[in-house]
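Hello,

Here is the structure we talked about. Please open it alongside this message; my notes follow below.

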Number of protein chains: 4
Amino acid sequence: MDDDSRQARWERRTEVPLSLASALFLAAYAVLVLGHTLPAVWRHVCLAAMLTAWALFGVDYAVRWGLSGQRLGFVRAHPVDTLALLLPLLRPLRIVKVYEAVQRHRGEPRLSLHARVVFYAGLSAALLGFAGSLAVYQQERGAPGASILTFGDSVWWTCTTLTTVGYGDVVPVTPMGRTIASVLMVCGLALLGAVTGSFSSWLLQVFAREDGNDGDDGNRGEKRPPGS
Amino acid sequence: MDDDSRQARWERRTEVPLSLASALFLAAYAVLVLGHTLPAVWRHVCLAAMLTAWALFGVDYAVRWGLSGQRLGFVRAHPVDTLALLLPLLRPLRIVKVYEAVQRHRGEPRLSLHARVVFYAGLSAALLGFAGSLAVYQQERGAPGASILTFGDSVWWTCTTLTTVGYGDVVPVTPMGRTIASVLMVCGLALLGAVTGSFSSWLLQVFAREDGNDGDDGNRGEKRPPGS
Amino acid sequence: MDDDSRQARWERRTEVPLSLASALFLAAYAVLVLGHTLPAVWRHVCLAAMLTAWALFGVDYAVRWGLSGQRLGFVRAHPVDTLALLLPLLRPLRIVKVYEAVQRHRGEPRLSLHARVVFYAGLSAALLGFAGSLAVYQQERGAPGASILTFGDSVWWTCTTLTTVGYGDVVPVTPMGRTIASVLMVCGLALLGAVTGSFSSWLLQVFAREDGNDGDDGNRGEKRPPGS
Amino acid sequence: MDDDSRQARWERRTEVPLSLASALFLAAYAVLVLGHTLPAVWRHVCLAAMLTAWALFGVDYAVRWGLSGQRLGFVRAHPVDTLALLLPLLRPLRIVKVYEAVQRHRGEPRLSLHARVVFYAGLSAALLGFAGSLAVYQQERGAPGASILTFGDSVWWTCTTLTTVGYGDVVPVTPMGRTIASVLMVCGLALLGAVTGSFSSWLLQVFAREDGNDGDDGNRGEKRPPGS
């Protein structure tokens, strides 16, 4: 019990710093990819920031592993964390958690369950799409026969991919770019499936509630409650 | 309570005029985009109609903000309204509400919940698609290297996009056209997700009800109720 | 009551003949489209068969309208029937109903609810796809710049369209072909949404039932019922 | 009853060997397709392994048919098994069952219902995609005008197809390749629909549970139970 609470305390305390580190990682990566005409010193600063953030993720992972008292079972029980350690670009998805923490702290009323799933999955998809655009742009830039020439092309490509429209006017051509694209497709498909599925449920709820309100108005005879 | 009822009264009274203004806005925009060979005076009339409608939306937004007694919280609490003020082409989605108001007024029996969601989401998608076709056509027309050359191309492109088929035979190439396309994709994905999700639920309901009816016929032994 | 039963009797008696007429219509259309090298006499026979079938649909629609005792309300209350009268290629979807009638007559055990929705929506999608392939092929054949050159191309195009994959290697280019394609996309999207949605629910059911069976085995300690 | 238990016993005993045969079939097929520069003797070994595995599937099917005591009804009652006999590349989906059997044997805690559906449908999609990539690559390799030139192209094409993105930069052009692609599309659509649908439900569950936990914390006033 005590061990569990130490883990929980660790997670609560590291939540905000780790999320800031995630944001820093993504921002530094963006500068590194987009600012390829910056003086070398800035690029080195960005690289250093990325490595520092990555090191923090590693330390957090190690501490949580240690606190868990598990062996290899920890790796298997936390597949998302392990994946996020290896692919730190997936980390920014944690920012979603911080947003919730901040909102909870302010005591603001929370959205309904479905609306929240729509919101978080949508936000995750946007962050994932931004990270994916950067990564694919970095791979494709300068590749022979590439159709993704500018970062704008890459963002456009990401939009068509995440929505599964897939025009094919701009596509990655390098093996690495295609690998990143495949990861993006699978993650995006699941996230956007969650968005549309929850949106659909939410819409049904809103319509169903509206029906209930109409009944309360009492000015439409068709479904008045028996006692009225 | 009184403040709330004043808000509700305002919304009830402005519902029809605002929807007419939305329809006017869309119609004037359509004439402006499609009738680019009309004499300048007609184009100015259309522009004036659009600006008038937009001003009405602004007045309505301001009055509701005032009646709400809130400060910036109002903007945050009504994200859809704020967005519709900035992008008045999304306004026509309100026509859906008017249709319902008219139908309710006539006292016609309403569709079942799922059928209504299918119907409204489908109608919204159609209106959104029409507005999107116009906007993309306006951006792409005359752009160098454009593949959307006629309004017919633009409508075809919208159909392939909203259904997420995305052949890619005609695609927007200008940055602005691609931005509009991305908004269209995301909105369309959510709406059509709602259409297919609700259609699926509705079909299940219909089949389930049919099963019940079959049981009432009493001529199939497999699932007769115990007392029969 | 009597009027209603006369309607019901009419529908029951015409079910099989009308479905045969639908199948005849589709078959004659297929011969007409695919057999464009047949001697003219055969083509005329096919055309005659199509027109006869269409006339039967019209007679059925008229009789049901008459029996209903309604005026224009009938048209509004039966949108699918009205549409199927105007677009008889959508008729073959009725064959699905006959299949069920035959199966019921034989007293065979029926599939579970979700499995049936998957089956019927899938069958409808296949019939719709076949009719759509024929119609698009007829429009595109011989059009300048067409990429759908053979019926095989058209079937391949239909597969990529109904699954919303949409490669864009073969696409309709004529206005009429694109209109048919749009109808196909929207219908197909709804049907396949129903297929995937129900398949997903069905899979969940199967897995849930399997869990229940495992519980009955009693050889896994984790979720034994309290009294065992 | 006894007959039924003999069937069940047969299925339990053959589960692991048949799955190994499925894996062997897929592995041999992969070597055959990818290793087209291997010496002929190796290719013959692979072919022999494939035929042996296929023969085993046939024997299993025949034994189960015999044990069932049914005539043609067996074929109709086991459509998936019949299909898997004709298209042994669909067999590897059985590996999923073995994974579960192994996990159950070890007594490991099982995932929640939705998580399991996501996992199994995802694993099935991956296996199906791998088998499909091989089959399409074999058909397209060396075809005139083919755009799928390497196995990497084929894998990339499979990713874009199964996620229904469908860029169309690489597409099958041979009739046989397109037939395989269509089967892949339909199966993939259903499987990935199951993945996204279940993922969406699972996410909703996770969020709903989290809400419950927040309520237990007791440190947020908004939704405390009345008696606290």
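In chain A, 66% of the contacts with a separation of 6 or more join residues 24 or more positions apart. Keep in mind that this is a predicted model.

The fold is helical. Chain A has eight helices and zero strands. Along the sequence the pattern reads α-α-α-α-α-α-α-α. Of the 228 residues in chain A, 47% are buried. The chain exposes about 11400 Å², and 66% of that comes from carbon and sulfur atoms.

Look at helix α6 of chain A next. It covers residues 113–140, which is 28 residues. From first C-alpha to last it reaches 40 Å, close to the 40 Å expected at 1.5 Å a residue. Is α6(A) enclosed or open to the outside? It is largely enclosed by the rest of the structure, because 20 of its 28 residues are buried. G142(A) follows α6(A), and its phi is positive, near 85°.

Now the confidence. Chain A averages a pLDDT of 79, and 81% of the residues score at least 70. Which elements of chain A have the lowest and the highest mean pLDDT? Helix α5 (residues 95–105) has the lowest, at 62. Helix α7 (residues 151–162) has the highest, at 94. Over residues 214–228 of chain A the pLDDT is below 50. That stretch has nine contacts in the model beyond near neighbours in sequence. Where pLDDT is low, the predicted coordinates should not be read in detail.

Best wishes

Definitions and conventions
Residues are numbered from 1 along each chain as its sequence is written. Chains are lettered from A and ligands numbered from 1 in the order in which they are written. This is a predicted model: local features need pLDDT of at least 70, side-chain atom pairs count only at pLDDT 80 or more; totals for chains, interfaces and linings use all residues. Side-chain values use heavy atoms; hydrogens and water are left out. Helices (H or I, at least four residues) and strands (E, at least two) are DSSP runs, numbered from the N terminus. Buried means under 20% relative accessible area, exposed over 50%, partly exposed in between (1.4 Å probe, protein chains only). Contact means heavy atoms within 4.5 Å. Accessible areas come from the Shrake-Rupley method with a 1.4 Å probe; for residues, only the protein chains shown count as cover. The expected span of a helix is 1.5 Å times one less than its number of residues. pLDDT is the predictor's confidence in each residue, from 0 to 100.
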